[in-house]
Amino acid sequence: MKRIFVFLPPLRAVSGGLAVLADTAAGLAALGRDAVLVLREPGATPLTLPAGLPVVSLAAAGMTPEDVFLVPEGWPNALAPGLAAGARCVVYCQNWAYLFHGLPEGVGWDRLPVSFVAVSDPVARYIELALCTRPPVLRPGIDPARFHPPASKPAPSPVRVGFMPRKNRALATMIRNMAAARATRSGLALEWVAIDGLPPDGVAEALRTCHVFLATGFPEGCPLPPLEAMACGCVVAGFAGFGGFDYMRQAGDGGHVPSVPLRDVPWGGNGFYAADNDVFGATACLETAARLWIEGGEHLARVLENARLTAKGYGAKRDLEDFLNACDGIRTEPVANNALSFRDRGV
């Protein structure tokens, strides 16, 4: 294997998926691999790039059959120069919902000589159901030096609930309104903390002041904000986005479970999860998590310990060996640049 090219899509704002791609390149470089960042054009990313990594434009990448080209699932047209060069092309599926997004009309993944890597076990199972191939999993990680619990939480009066307004804002508003309307009957005093527009250190500091984190993301590949909240000592409630069930496990009786099997994990119930888009169920989960803090005791301690173990399982050190093994096993031949064209389609 000569070089590993990692494509960073031209997004207007930094996303979790974009940061994971850059982190993957940095991790490969730390293992002694020759990692190269690929931009559609110079400066076409809002992300602060990892220091020391070479950066090339998509048109001038100069890939060879010995190289590996890693591209996220929503940008299939970016594969064109790698396919034309006969490079070993790998699609990193970071969100199951976008697996078929961006494919030109009449082009399916079965027509392209590519391999897949999934961001989580649920995403891998989705790919298996859709494409009859079960890819290896390359999970993201969180920084334990940044995301960790405080020495002590404030008293849960009121219960402080962190949430991210950009994650399905309308659903988050509906849940907040329902919780407020039920406040007299439920007896719960909630204080809402919007995690919005903050740098990573600011996000961690805000989460450490919260008791509960309301997860409203859907769809998700392997959502990091709930993991970061668990690491900061919060009880998570809300939606898993399907991909969140890589690590989310019900802490109460019943609750929603996905239609695919859940992998074995070394932790137990770490939150309360409703079916995606179920506003009523998510509100009930939120109230259950809030009452847990008010009641305290063994159940709260057990959920928080499971949350700690969950976050520990996603520490900053990522296992890249399965990804590298997948890359080593890929053999492709150069193909004509007619099925995909980033020049014609404006990738």
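**Figure 1. Pairing of strand 1 with strand 2 in the predicted model.** In this predicted model, strand 1 and strand 2 (residues 35-39) are paired in the parallel sense, with five bridges between them. Within this pair, L8 stands opposite L39 in strand 2. Strands of a sheet pair through backbone hydrogen bonds, in either a parallel or an antiparallel sense.

**Figure 2. Strand 1 and its pairing with strand 4.** Three bridges join strand 1 to strand 4, and the two run parallel. Here V6 is the residue that stands opposite L70 in strand 4. Five of the five residues of strand 1 are buried, so the strand is largely enclosed by the rest of the structure. Cover is present on both faces: I4, V6 and L8 are buried on one side, F5 and F7 on the other. In a regular strand, side chains alternate between the two faces of the sheet.

**Figure 3. Salt bridge between D67 and R3.** The closest N and O atoms of D67 and R3 are 2.7 Å apart, and the two residues form a salt bridge. The pair links distant parts of the chain, 64 residues apart: D67 sits in the loop between strand 3 (55-57) and strand 4 (68-72), while R3 sits in the segment before strand 1 (4-8). D67 is buried, at a relative accessible area of 0%. R3 has a relative accessible area of 17%; because buried means under 20%, R3 is buried as well.

**Figure 4. Salt bridge between R139 and D246.** The side chains of R139 and D246 meet in a salt bridge with an N to O distance of 2.7 Å. Are the two partners buried or exposed? R139 is partly exposed, with a relative accessible area of 25%. D246 counts as buried, at 0% relative accessibility.

Figure 5. A salt bridge of 2.8 Å, N to O, is where the side chains of E191 and R160 meet. With E191 in strand 8 (residues 190-194) and R160 in strand 7, the pair ties together parts that are 31 residues apart in sequence. E191 counts as partly exposed at 32% relative accessibility, whereas R160 is buried, with a relative accessible area of 19%. Elsewhere in the chain, a network of salt bridges links D121, R125, E128 and R134. The model contains 14 salt bridges.

**Figure 6. Surroundings of E220.** E220 is placed in the loop between strand 9 (212-215) and helix 7 (224-231). E220 has a relative accessible area of 10% and is buried. Which residue makes a polar contact of 3.0 Å with the side chain of E220? The partner is K167, through its side chain. Leaving aside residues up to four places away in sequence, E220 touches N95, W96, K167, A240, G241, F242 and G243.

Figure 7. Strand 9 and strand 10 run parallel and are joined by four bridges. L214 stands opposite A237 in strand 10.

Figure 8. G281 is found in helix 8 (residues 279-295). At 17% relative accessibility, G281 counts as buried. The C-alpha atoms of G281 and R166 are separated by 20 Å, the two residues being 115 residues apart along the chain.

Key: Residues are numbered from 1 along each chain as its sequence is written. This is a predicted model: local features need pLDDT of at least 70, side-chain atom pairs count only at pLDDT 80 or more; totals for chains, interfaces and linings use all residues. Side-chain values use heavy atoms; hydrogens and water are left out. A salt bridge is a side-chain nitrogen of Lys or Arg within 4 Å of a carboxyl oxygen of Asp or Glu. Buried means under 20% relative accessible area, exposed over 50%, partly exposed in between (1.4 Å probe, protein chains only). A polar contact is a pair of N or O atoms within 3.5 Å; within protein, one must be able to donate a hydrogen and the other to accept it, and residues adjacent in sequence count only if both atoms are side-chain atoms. Contact means heavy atoms within 4.5 Å. Two strands pair if DSSP finds at least two bridges between them.
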